[in-house]
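Subject: Structure handover

Hi,

My notes on what turned up follow below it.

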Amino acid sequence: MTARAPLPIRPRRRLSSLAALALLACTATGCVTVHGADAVVPAVGKADAPAALDHFAQVVNDADSKLDPSLNAQVETGALGAIDGAGIKARHVNSPSGNPGYQPLRFSDTRFLIPRERGWPKWFVADTANSRDRDRWLLVFTRDSVKDAWRASYLSVLAPGQLPDFATDGQGYAVPVPVGGTDLLVQPGELGARYTAYLQQGDKGSTAFAQGSQTSGLRAQRRTQYAPTSQVVTQFADEPADPVQYAPVALRLRDGGALVFFTTRHEMKQTVAKGPVVIKDPNVNALLTGTPNRSVTLYKVAEQVVKVPARSDAGAKVVFLNRIEGLVSASGA
């Protein structure tokens with residue numbers, strides 16, 4: 001039996017060791033430093049955000065051409081870092097000399113969605129065109145302290161017509177939404193648990209999600225494409241990601257809802273009646289531990305972006321705009 005490899009991931013890519021950010025508030029008696037932990041301030045200076053994106057592109061291009069996961073880790077974290085880091089690691093095993101035919105990633109026509117925040121971590125979103133395709137990429141950049149470099153934690157790929165209308169405050173900044181205690185149909189911090197419950201149990205797990213390729217469609221695919229046979233049985237497990245390692249973030253929309261980025265974890269185990277399991281995908285083999293005598297388990301991370309309506313929006317449900325799932329490890333038994 002041949003273990004099915006995960007579907008190909010759309011091309012995507014990757015902050016910056018910026019100088020420490022300190023905003024100066026000038027008064028009649030002089031200037032005083034206002035620290036991000038003590039006051040509501042922009043997450044990043046408007047001049048520094050482009051530098052973060054430029055540095056990100058430079059390092060990612062270097063990492064992808066050399067197939068060096070240690071370089072990638074300098075500019076990515078969270079779900080994006082887990083997916084891309086594992087992908088580069090696997091390709092390095094199979095092509096240790098690197099990828100001499102790599103075409104550099106370039107960004108253009110970028111706007112920055114910068115929220116004003118108190119405390120840490122801080123984050124902002126780059127909405128940008130790219131040299132890979134005609135879609136818009138939304139990259140979430142984050143850092144945990146003023147001493148840290150910006151790293152990208154999420155990537156979402158949207159057609160230009162899919163971009164929502166973001167709300168802004170009186171100063172033109174994006175409006176962040178907290179992970180809990182909001183007026184939304186589902187709290188941003190609860191989306192991972194609600195979504196994975198839905199994947200396991202359908203509407204018995206959650207009725208919050210609209211039908212679509214990543215909700216009802218994904219459940220149907222599991223039932224049909226991976227239906228059990230006399231030769232192989234496939235089992236799925238889904239769980240929310242650690243909110244510390246994979247923090248969700250959300251931006252308010254003009255219609256009262258929010259755009260939310262969140263992470264989930266997934267396992268797919270295939271057990272055969274008679275082994276060993278034959279794995280033809282070289283990238284799966286590169287990440288494999290153990291010996292697949294009777295079974296192989298694929299461990300995946302998924303990064304999602306969804307539109308969550310306000311609770312008062314009668315009948316509205318959570319709509320998926322993009323979902324990227326990637327293999328991060330595999331084990332045989």
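Start with helix H4. Its buried residues are covered by, among others, helix H5 (216–225) and strands S9 (232–240), S11 (258–272), S13 (295–308) and S14 (319–332). Helices (H or I, at least four residues) and strands (E, at least two) are DSSP runs, numbered from the N terminus. Contact means heavy atoms within 4.5 Å.

The ground rules: this is a predicted model, where local features need pLDDT of at least 70, side-chain atom pairs count only at pLDDT 80 or more, and totals for chains, interfaces and linings use all residues. Residues are numbered from 1 along each chain as its sequence is written, and side-chain values use heavy atoms, with hydrogens and water left out.

Confidence first. The protein chain has a mean pLDDT (the predictor's confidence in each residue, from 0 to 100) of 90, and 89% of its residues reach 70 or more. Residues 1–36 fall below 50; that stretch still has 113 contacts in the model beyond near neighbours in sequence.

Back to H4 (residues 191–201). Leu191, Gly192, Tyr195, Thr196, Ala197, Tyr198 and Leu199 are its buried residues. Buried means under 20% relative accessible area, exposed over 50%, partly exposed in between (1.4 Å probe, protein chains only). Just after H4, Gly202 has a positive phi of about 70°.

H4 and H5 form a pair. Their axes come within 9 Å and cross at roughly 40°. Axes are lines fitted to C-alpha atoms, for helices over the stretch in contact; angles run from 0 to 180 degrees between N-to-C directions. From H4, Tyr195, Tyr198, Leu199, Gln200 and Gln201 meet Ser216, Leu218, Arg219 and Arg222 of H5.

Look at Arg222, which sits in H5. Arg222 is buried, with a relative accessible area of 14%. Leaving aside neighbours within four places in sequence, Arg222 contacts Leu199, Gln200, Ala227, Phe236, Asp238 and His266.

Now the sheet. Four strands make an open, antiparallel sheet in the order S4-S6-S7-S8. S4 (107–113) and S8 (151–158) are at the edges with a single partner strand each, so one side of each has no neighbour in the sheet. Two strands pair if DSSP finds at least two bridges between them. S6 (residues 122–130) and S7 (residues 136–143) are joined by seven bridges. Lys122 has Arg143 in S7 as its bridge partner.

Helix H1 (residues 48–66) lies across S4, S6, S7 and S8, at about 135° to S4. Helix H3 (residues 78–94) also packs on the sheet, touching S7 and S8, with its direction at about 85° to that of S8.

Over to you.
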